[in-house]
Amino acid sequence: MDKILVTGGLGFIGSHTVVELQEAGYEVVIIDDLSNSSENVLDGINAITGKMPAFEKIDLKEKADVEAFFKKHSDVKGVIHFAASKAVGESVNEPLMYYENNIGTLVYLLKELKKLSEASFIFSSSCTVYGQADELPITENAPVKEAESPYGNTKQIGEEIIRDTCKVVPTLKAIALRYFNPVGSHESAEIGELPIGVPQNLVPFITQTAAGIREQLSVFGDDYPTPDGTCIRDYIHVVDLAKAHLVALERLLQNKNAANYETFNLGTGKGSSVLEVVQSFERVSNEKLNYKIVDRREGDVISAYADTAKAKEQLGWETKLDLDDAMRSAWKWEQKVRGV
Ligand code: UD1
C-alpha cells in the first residue's frame with residue numbers, strides 16, 4: 001500500500017485522518033513538531049487501529065530537515081498537510097510568525113514534492129476564505145473575500161501558491177479542502193481535540209465549561225439577523241471530515257481528478273446557531289450549561305454553511321454524522337480527559 005506523509009498528524013484533524021488512512025491499509029508517516037500536540041496521541045491511534053504509525057519529530061521550518069526527510073522517504077506517494085498555526089487572534093498579533101509557519105513551510109514542502117516522480121497533495125484550507133459570503137449556502141465558486149486576519153490570509157495565499165505550482169509541475173496534483181467548523185471526536189474517545197490554554201472555539205469551550213474547568217460560556221451576541229439572534233455555522237463531525245481526506249487523496253492517487261488543482265467545501269450543508277449547539281450539548285449530555293449572552297466578538301461573520309453538492313457529486317462523499325453525534329463524542333472525550 002502507498003506511503004502517505006501526514007504533517008501535523010498528531011493534531012486534532014490530523015490524528016483522526018491517520019486513523020482513517022491506517023484503517024484503509026495505507027502506510028502512514030507522521031511529521032509533527034509537537035508545538036500544539038503530544039506524542040501520547042500515537043497511543044490513541046494505536047489503540048484504535050492496532051498499528052503504531054511511524055513518527056518523526058520535525059519542524060517544517062527547518063528546510064534541511066525537510067530535505068533529509070524526503071531523501072529518506074522518496075517513496076512517499078501522497079502528502080496530507082495539516083501542520084499550521086490556527087489561532088485567529090494570535091495571528092493578528094504575530095503576523096510574521098503565521099506567514100513563516102504556514103507559508104514558508106508550504107513552499108519548502110512543495111519544493112520537495114516537485115522533485116518526486118509523482119505526488120498527490122491535500123491542503124487544509126478553510127471556509128474563512130469566503131468571509132461573509134453574499135449567498136448561502138456557500139459554493140466553491142463564491143468569491144474569495146479579503147482576509148479578516150493573517151491566519152485567514154495564509155489559507156488564501158496557500159491555495160494560490162499550490163494552484164500556481166500545479167500549473168507548471170505536471171507531476172503534482174493537489175486538492176484544497178475548505179473545512180467549515182470541525183467538531184467532535186472519535187467515538188472510542190481515544191483521540192480528540194486538546195486545545196492548549198483557554199479554548200477559542202465554541203465546542204471545546206462548552207465541554208470544558210460543563211467539566212467545571214471554565215466557569216461560564218460567553219455567547220458572543222444575540223442580536224444578529226438570524227432566527228434566534230446568534231451566529232450560524234456549519235459544524236462538521238471530525239470523523240466525517242477525516243474520511244473526506246481519504247476520499248480526496250484516493251481521487252488523486254487513482255487519477256480520477258478533473259484538473260491538477262481542485263477545491264472542495266467540506267461541511268454538512270446545515271447551519272446551526274450558537275444556541276442550537278448549546279441545546280444539542282444539553283440534550284445529549286443531560287447537563288445544564290452555564291452560559292450568558294455577551295457582546296459580539298469582533299470579526300465574526302453572521303452566517304456560513306456549505307453547499308455540499310460538489311463534494312457529493314465529484315468525491316462521492318457526504319457527512320453521515322450529525323450535530324448530536326458530534327456533541328456526544330466531544331463530551332465523552334472531555335469526560336475521559338478530565339476524569340469527570
Ligand atoms: C474560527 C475562526 C476561523 C477558523 C476556525 C478554526 C474566527 C473569527 N474565525 O471560526 O477563521 O478557521 O475558527 O477552527 O475566529 N462562540 C461563542 N462563544 C465562544 C466561542 C465561540 O459564542 O466562547 C461563537 C462564535 O461567535 C461563532 C461560533 O461560536 O459564532 C463558532 O465560533 P468558533 O468555534 O470560534 O469558530 P469560527 O469563528 O466559526
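A residue is termed buried when its relative accessible area is under 20%, exposed when over 50%, and partly exposed in between (1.4 Å probe, protein chains only). The structure is a predicted model, in which local features need pLDDT of at least 70, side-chain atom pairs count only at pLDDT 80 or more, and totals for chains, interfaces and linings use all residues. Residues are numbered from 1 along each chain as its sequence is written, and side-chain values use heavy atoms, with hydrogens and water left out.

Salt bridges were examined first. Side chains of opposite charge can pair when their charged atoms come close. A salt bridge is taken as a side-chain nitrogen of Lys or Arg within 4 Å of a carboxyl oxygen of Asp or Glu. The model holds 20 salt bridges by this rule.

One of these joins Arg178 to Glu159, with the closest N and O atoms 2.7 Å apart. This pair links distant parts of the chain. Helices (H or I, at least four residues) and strands (E, at least two) are DSSP runs, numbered from the N terminus. Arg178 and Glu159 are both buried.

Another salt bridge connects Glu67 and Lys63, at 3.6 Å from N to O. Both residues lie in helix α3 (residues 63-72). They are 4 residues apart, about one turn of the helix. An α-helix has 3.6 residues a turn, so residues three or four places apart point the same way. Glu67 is partly exposed, at a relative accessible area of 26%. Lys63 is also partly exposed, at 33%.

Arg163 and Asp164 form a further salt bridge, at 3.1 Å from N to O. Arg163 has 35% relative accessibility and counts as partly exposed. Asp164 is partly exposed too, at 37%. Lys167 joins Arg163 and Asp164 in a network of salt bridges.

Strand β1 was considered next.

Two strands count as paired if DSSP finds at least two bridges between them. β1 pairs with strand β2 (residues 27-32) in the parallel sense, over 5 bridges. It also pairs in the parallel sense with strand β4 (residues 76-81), again over 5 bridges. Ile4 has Val28 as its bridge partner in β2, and stands opposite Gly78 in β4.

Helix α11 (residues 323-338) was then examined. It has 16 residues, which at 1.5 Å a residue should span 22 Å. The expected span is 1.5 Å times one less than the number of residues. The end C-alpha atoms of α11 are 22 Å apart, which agrees.

Several residues of α11 are buried, among them Leu323, Met327, Trp331 and Trp333. The cover over the buried residues of α11 includes β7 (181-183), α7 (202-210), β10 (235-237), β12 (272-273) and α9 (274-285). Contact here means heavy atoms within 4.5 Å.

Asp322 caps the N-terminal end of α11. A side-chain oxygen of Asp322 lies 3.2 Å from the backbone nitrogen of Asp324. Just after α11, Gly339 takes a positive phi of about 65 degrees.

Terms used. Polar contact = N/O pair within 3.5 Å; in protein donor to acceptor, adjacent residues only side chain to side chain.
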